[in-house]
Amino acid sequence: MANLLIIESPSKIGTIKSCLGSGYKVVASIGHVRDLPKSTLGVDIDNDFEPKYINIRGKGDLIKELKKEAKAASKVFLATDPDREGEAISWHLVQALDLPDEKVKRVTFNELTKTAIKTAIKNPRDIDMDTVNAQQARRILDRIVGYKLSPYLWKRVKSGLSAGRVQSVATRIIVEREDEIRAFTPSEYWTIEAKLQGGDKEVLVARFFGDKKNKIELANEAEAMKVVSAVEGGEFVVKNVKKALRQKNPLPPFTTSTMQQEASKKLGFHSQRIMKVAQELYEGISLGSEHGGVHGLITYMRTDSLRVSDEAANSAREYIVSKYGDRYYPETRRVYKTKANAQDAHEAIRPTDVTLEPDMIKARLTNDQYKLYKLIWSRFVASQMASAEIDTVNADIESAGYIFHSSGYSVKFAGYMSIYEESEDENTQSGYSEKDKKTKLPSLTNGESLKASAVLPEQHFTEPPPRYTEASLIKFLEEKGIGRPSTFTPIITTIIARGYVKREGKSLVATQLGEITTRLMVAKFPTIVDYGFTANIEDKLDEIENGDETLLSVLKNFYGDFSESLEAAMADSEGDGFELAVEETDIICEKCQSKMIVKEGRYGKFAACPNYPKCKNTKPLTAPKMEEKEKPEAVSGEKCENCGADMVVRTGKFGSFLACSNYPKCKTTKQITKDIGVACPKCGAKVIQKHGRNKSVFYSCERYPDCDFSSWDMPAGEKCPDCCEPLFVKKGKNIAYCKKEGCTFKKEIEIKE
């Protein structure tokens, strides 16, 4: 009997199969198979918070099939993701499939490579119930908050609202930043730049600092012009020149948080997009026979650890020395210290094979995959390289008793900067700011006299703190200990989906709903939205995972204070001024002559009479659709083969079609087809695009039914380089993929219009 290996994602199957061989059958649970019911609380609070798990609707057939496979297997390896959620999924699989303990083995893969997978199979373990309980505690806490608080929000703010434990805190962060911006009062200040030159030397720029005693802040024009009048036309004397050779160290490899921040800033990706692409790189990409077939390109992407395995560090050293030379590798291996509150369950995010340079495999990756892989690869290699050496020079220049500063630098030895440049805020963390211009000052000597070609005062006003972007919000959440690597993206996705926050460009802005809800939560449930309390809950979950705390004690301690706050809030029936502002329209209710207001229902916004329930009049906000007979008919350019009249485009129950313009005298109809310029993969004739039921689009051979080729996905007109099967493109995508079972080849492709 073969062994059965159960994973979460079906997209990993091809990668893992290629590493294990025929002795293992690999199947996917497609995420969780059990969860708390959606329609009820699902937690027996009076019976030690016992959860009432049920099989997820729609997973019955899958569970039945998995049971059958497990019964036939000699051993069942549970290889769900190596984190709390993955551990819990493995435990739920044991319960749902009725697996005997002696038959079950738990294995985890930090990377999907042949070595890592085979090593994991040789070293199985039992399911870690402490980790499972940490996940259960989070799930139960979130369920209690969501199901107990939501009815209160329905009563006080708006029906249909959903409360979340960590999401409420994230919304508060964005709301409070909006409050800071509104309360901000700009202050005037001035700067002065002097353009100086001595002899035949290059022009250098010096900035006003103060006098010989102190730094001086110029608050207005009068103060600035006093300095300008004193130094204009006068002599500038170099008083103090400091030169130094400074070492600039590389930053550590990525954690989930730093990867999301840097990919957001450098690539412009939203966090959800970043994690989707990272998942694809982890699960495996078909690199062709020349690179070993299907290959997981990065280690597990949900981590807060900076640890790097000895094997990976040694591989990086060999690569750096062979590629760049001995000078580019430090005297001793770099080891980065992980933060004290990090779980450190996995390594930092790194390439699984450092010799797979991004440009070497670019043709096998989508554009997004290439960009993110290059970022991860470059950051990791740079983190193991020698420091850069920077020549710096700082000069104090005096005129009329005032001091001006000038500084610059040049790169003496690039070191790790040969392949990776930090973003601006990371530069600041590593001791360098973009304010230091990448310029080399002309050689200066103490006592040297310079002349000013221009002295330029400039007015400025202080600016309010910037709105959060996804990158800066993730950074703040991490610094405050709110959430963990696997939760950052769901937090942001949820608060946007629920309408508490919206995107404006790259910024996250609180909506009116978000502000009202946050103010209510702060007033009635200050503990729930307290930063320190939320961070402390995260620490308690970590303690459960480490075996230092129990699930029951954490839940009891939380629920005591929470239930008291909820009971007091529900008993308070007085209005608190947390109502949403009414949005008026220009539509007049013809029944009572009132101005109608905007309401929102399950199908979107509509206009409603403000005198509800006395007047129940409603209207759509959009203009009514034209009747079908009023719509102008588009002439297709084709003639009716029966009567010679024009064929026109019409829309019916199943989509658009061509019909004779003489209807009903002539009832000739014809499908709308389109030549997509691709040969049929079966017979070589043309493939045409057709319209099917429910306005759907599909593709078939023009010789149909003589040739029976048809597909919902568009043929790409190319064959898979791995298995020679035709490639296809899904609707709305520009990725060509292979349909053959077990083949995971895909690549970016230009779709012909």
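Trainee: How many bridges join S11 to strand S14?
Mentor: Eleven bridges join S11 to S14 (residues 388-399), and the two run antiparallel. Strands here are DSSP runs of E with at least two residues, helices are runs of H or I with at least four, and both are numbered from the N terminus. Two strands pair if DSSP finds at least two bridges between them.

Trainee: What sort of model is this?
Mentor: This is a predicted model, in which local features need pLDDT of at least 70, side-chain atom pairs count only at pLDDT 80 or more, and totals for chains, interfaces and linings use all residues. Residues are numbered from 1 along each chain as its sequence is written, and side-chain values use heavy atoms, with hydrogens and water left out.

Trainee: Back to S14. Which residue there is the bridge partner of Val238?
Mentor: Ile397 is the bridge partner of Val238.

Trainee: And how many bridges join S11 to S16?
Mentor: Three bridges join S11 (residues 235-248) to S16 (residues 449-461), again antiparallel. Glu235 has Lys451 as its bridge partner in S16.

Trainee: New topic. In what order do the strands of the open sheet with S19 come?
Mentor: The order is S19-S20-S21-S22, four strands with antiparallel pairing. The edge strands are S19 (584-588) and S22 (618-620), each pairing on one side only. From one strand to the next the twist averages 45°; axes are lines fitted to C-alpha atoms, for helices over the stretch in contact, and angles run from 0 to 180 degrees between N-to-C directions.

Trainee: What about S20 and S21, how many bridges?
Mentor: Five bridges, in the antiparallel sense, between S20 (residues 595-601) and S21 (residues 604-608). Glu600 has Lys605 as its bridge partner in S21.

Trainee: Where is Arg125?
Mentor: Arg125 is in the loop between helix H4 (114-122) and helix H5 (129-156).

Trainee: Why does Arg125 count as partly exposed?
Mentor: Because its relative accessibility is 33%. Buried means under 20% relative accessible area and exposed over 50%, with partly exposed in between (1.4 Å probe, protein chains only).

Trainee: Which residues is Arg125 in contact with?
Mentor: Leaving aside neighbours within four places in sequence, Arg125 is in contact (heavy atoms within 4.5 Å) with Glu87, Lys105, Arg106 and Thr108.

Trainee: And the whole protein, how many helices and strands?
Mentor: The protein has 17 helices and 34 strands. Its C-alpha trace spans about 100 × 75 × 75 Å along the principal axes, and 47% of its 753 residues count as buried.
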